[in-house]
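Q: Could you take me through this model, one topic at a time?

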Amino acid sequence: MTNELLIGKNILIVEDNAINQMLVKYAFAKSGANTIVAENGSQALELMNQNKFDAILMDIYMPELDGYQTTDIIRNQLHSSIPIIAMTALAMKGEEEKCLALGMNGYISKPFSSETLFQEIKRVLEFTEAIAS
Ligand code: MN
């Protein structure tokens, strides 16, 4: 599914589970967006040093640096306002609130459809572009 807003966008997928990495990458396959996968937060921060990303999809539970710790570093040490969407396992109570309180911009529960994924990315990108303009 091609999506005007996603064409040429660089999306960083931070996810430690190989199957989920594949599913998310596959969802973007014909979207026009470029994707890079990081296996954990440390790798994500390294990739952010070397590339310019338009949005991050962030798993929460990962070895080394988890999604909460990584988001905290991105917001409070890198002072980056890059849109971050949390990808979490089904409905842990209070998790959405915790993600948003840490400065994430959106939230989707796994497993999700590519429609849900794109809708959420579209929402945060349009919101960010509206602020920037
Ligand atoms: Mn995980």
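Q: Which backbone oxygen lies 2.7 Å from a polar atom of the side chain of serine 31?
A: The backbone oxygen of phenylalanine 28 lies 2.7 Å from a polar atom of the serine 31 side chain. A polar contact is a pair of N or O atoms within 3.5 Å; within protein, one must be able to donate a hydrogen and the other to accept it, and residues adjacent in sequence count only if both atoms are side-chain atoms. The model is predicted, so local features need pLDDT of at least 70 and side-chain atom pairs count only at pLDDT 80 or more, whereas totals for chains, interfaces and linings use all residues. Residues are numbered from 1 along each chain as its sequence is written, and side-chain values use heavy atoms, leaving out hydrogens and water.

Q: What backbone nitrogen does the side chain of serine 31 reach?
A: That of alanine 33, at 3.1 Å. Serine 31 lies in the loop between H1 and strand S2 (34-38); helices (H or I, at least four residues) and strands (E, at least two) are DSSP runs, numbered from the N terminus.

Q: Is serine 31 buried or exposed?
A: Serine 31 counts as buried, at 0% relative accessibility. Buried means under 20% relative accessible area, exposed over 50%, and partly exposed in between (1.4 Å probe, protein chains only).

Q: Turning to the metal, what coordinates the manganese ion?
A: Asp16 (OD), Asp59 (OD) and Tyr61 (O) coordinate the manganese ion, at 2.0 to 2.2 Å. Donors are N, O and S atoms within 2.8 Å of the metal (3.2 Å for Na, K and Ca); water is not among the atoms, so sites may look incomplete.

Q: Where do aspartate 16 and aspartate 59 lie?
A: Aspartate 16 lies in the loop between strand S1 (10-14) and helix H1 (18-28), and aspartate 59 in strand S3 (residues 55-59), so the pair ties together parts that are 43 residues apart in sequence. Aspartate 16 is partly exposed at 31% relative accessible area, whereas aspartate 59 is buried at 4%.

Q: How many residues of S3 are buried?
A: 5 of the 5, so S3 is largely enclosed by the rest of the structure. Ala55, Leu57 and Asp59 point one way, and Ile56 and Met58 the other way.

Q: What are the pairings of S3?
A: S3 runs parallel to S1, with 4 bridges joining them, and pairs in the parallel sense with strand S4 (residues 84-89) over 4 bridges. Two strands pair if DSSP finds at least two bridges between them. Methionine 58 is the bridge partner of valine 14, and isoleucine 56 stands opposite isoleucine 84 in S4.

Q: What caps the N-terminal end of H3?
A: Aspartate 66 does, with a side-chain oxygen 3.0 Å from the backbone nitrogen of tyrosine 68. H3 is mostly covered, with 7 of its 10 residues buried.

Q: Which residues touch the most other members of the largest nonpolar core?
A: Of its 22 residues, these are Leu12, Val14, Met48, Ile56, Met58, Ile74 and Met104. H2 gives the most to this core, with 4 residues. A nonpolar core is a set of buried Ala, Val, Leu, Ile, Met, Phe, Trp, Tyr and Cys residues joined through side-chain atoms within 4.5 Å.
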